[in-house]
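Dear colleague,

Please find below the structure that I am handing over to you. A summary of the findings follows it.

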Amino acid sequence: MNLIYLSPVPWNSFKQRPHRFVEWFHGVTGGSVLWIDPYPTRFLSLRDLLASRKKETSGCHDYPQWLTVKSVSSIPIEPLGFLSRLNHLLWQDIFSRVDEILAGDDAMLAIGKPSKLAMILLKKYRFRMSLYDAMDDFPAFYDGLSRQSFSATEREIAQAVSKMVVSSTTLHKKWSLERPVILAKNASAIVGDPACSRVGRNGSPPVLGYVGTVASWFDWPMVVDLAKSNPHAIVRIIGPQHTPTPTHLPANIELLPECYNGDAIREMRAFSVGLIPFKRNRLTASVDPIKYYEYRALGLPVISSYFGEMMQRPDDDGLFFMDDQTDAAALVTQALDVPRSSDCIDDFRENNSWASRFESIDLLIWPEHAHSRKNLNLQGPVAAPVKSRAATGTY
């Protein structure tokens, strides 16, 4: 069986949930994957045009044999309803590729980001199974007509797919009122790496580190407070800067460029404490940060703001919350004093692996019938049913 995956992020970007999903799928089924890179689903802004000049790449252009990556040509007019149909003419190569896949084998459609293209594929074809994996409150990223259009498309897709998965408790509450939803939080890909040496315990300066994007949700006041309250520590921020950096930062804040995958893990291993300094707003309310799992899988204590899925972890002995009233110096001292147990780290890795997350969804245990085509005006090729590995006991 094969997979057609409409991703919210390009393949050539830092590995996230979408990359882990398709790797897991191939590992379990042996099937090939058609990965479709995202295209603009809202009107472009000046920020988008400036960002487009920076080519996003992780250096992983050597695709595995089982993977085909396709980009999507489009005019950024998706919110304009009828006019957006102009893009259909640009998507014929995608349709031809899907025709080939369904003519040769069974296939599953997975949607990582709602779009008109995703809805067309649901209407035009019948897949062995269809899935919407909601990883964010996507409409929160949009404004005005773009938000209205995107919300309508997302809701239509959510009602049409066979299964819907969400990555956070907030998203589960949002969608479970409308249809059955499966909660599968994020996870860590760290398996064999040794735990961090916990810099700062032997006289060297502790490193309070963050690896990730610095954008509108990044809480600079929290980071500055940590730096000023802990002048003996290094506060290391690693990642692309998508918003202006505050002027006159404390001297102990280091800003380093983005890095990818293995390099990011090596950088984290030099940390004493992992930071997740996010603002609390609609954008972050639905977020279950992958970096939490990576930090903890390396044995790092974590200092986080109160937001999203982090607030569902009050019993994590290695997690410390910070707000405007927190004594940042005392908090860092507490975090550095957290004992580390190899057994606890191993247990965390086992219980929070990507494989354990995706297996819990039972994706390969098919519903009795493929998703209903009622009221969708569906037509086109139908993939022949086959038994899944789950059904044959080899899963």
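Which backbone nitrogen does the side chain of Ser115 reach? In this predicted model, the side chain of Ser115 comes to 3.1 Å from the backbone nitrogen of Ala118. Ser115 lies in the loop between strand S4 (107–111) and helix H4 (116–124). With a relative accessible area of 4%, Ser115 counts as buried, because the limit for that class is under 20%. Leaving aside neighbours within four places in sequence, the residues in contact with Ser115 are Leu6, Tyr39, Thr41, Glu78, Thr153 and Ile157. Ser151 stands 36 residues from Ser115 along the chain, and the C-alpha atoms of these two residues are 10.0 Å apart.

To place this site in context, I turn to the whole protein. The protein has 395 residues, 52% of which are buried. It contains 14 helices and 13 strands. Of the contacts between residues at least 6 apart in sequence, 71% link residues at least 24 apart. The accessible surface amounts to about 18100 Å², and carbon and sulfur atoms account for 52% of that surface.

Strand S4 also belongs to an open sheet of seven strands, arranged in the order S3-S2-S1-S4-S5-S6-S7 with parallel pairing. At the edges are strand S3 (67–70) and strand S7 (182–183), each of which pairs on one side only. Within the sheet, strand S1 (residues 2–6) and strand S2 (residues 33–36) run parallel and are joined by four bridges. Tyr5 is placed opposite Trp35 in S2. Helix H1 (residues 17–29) packs on this sheet and touches S1, S2, S4, strand S5 (129–134) and strand S6 (163–166); the direction of H1 makes about 175° with that of S1. Helix H3 (residues 92–104) packs on the sheet as well, touching S1, S2, S3 and S4, and the direction of H3 makes about 165° with that of S2.

Thr169 is buried, with a relative accessible area of 17%. Apart from neighbours within four places in sequence, Thr169 is in contact with Leu183, Lys185, Glu309 and Gln312.

Finally, a word on cysteines. How many disulfides does the structure hold? The count is zero. Cys259 is buried at a relative accessible area of 16%, whereas Cys344 is exposed at 51% relative accessibility.

Yours sincerely

Conventions: Residues numbered from 1 in each chain as written. Predicted model: local features only at pLDDT ≥ 70, side-chain atom pairs only at ≥ 80, totals over all residues. Heavy atoms only, no water. Buried < 20%, exposed > 50% of the residue type's maximum accessible area, 1.4 Å probe, protein only. Contact = heavy atoms within 4.5 Å. Disulfide = S-S within 2.5 Å. Helix = DSSP H or I, 4+ residues; strand = E, 2+ residues; numbered from the N terminus. Polar contact = N/O pair within 3.5 Å; in protein donor to acceptor, adjacent residues only side chain to side chain. Areas by Shrake-Rupley, 256 points an atom, 1.4 Å probe, with all protein chains shown as cover. Pairing = 2+ DSSP bridges. Axes fitted to C-alpha atoms, helices over the stretch in contact; angles between N-to-C directions.
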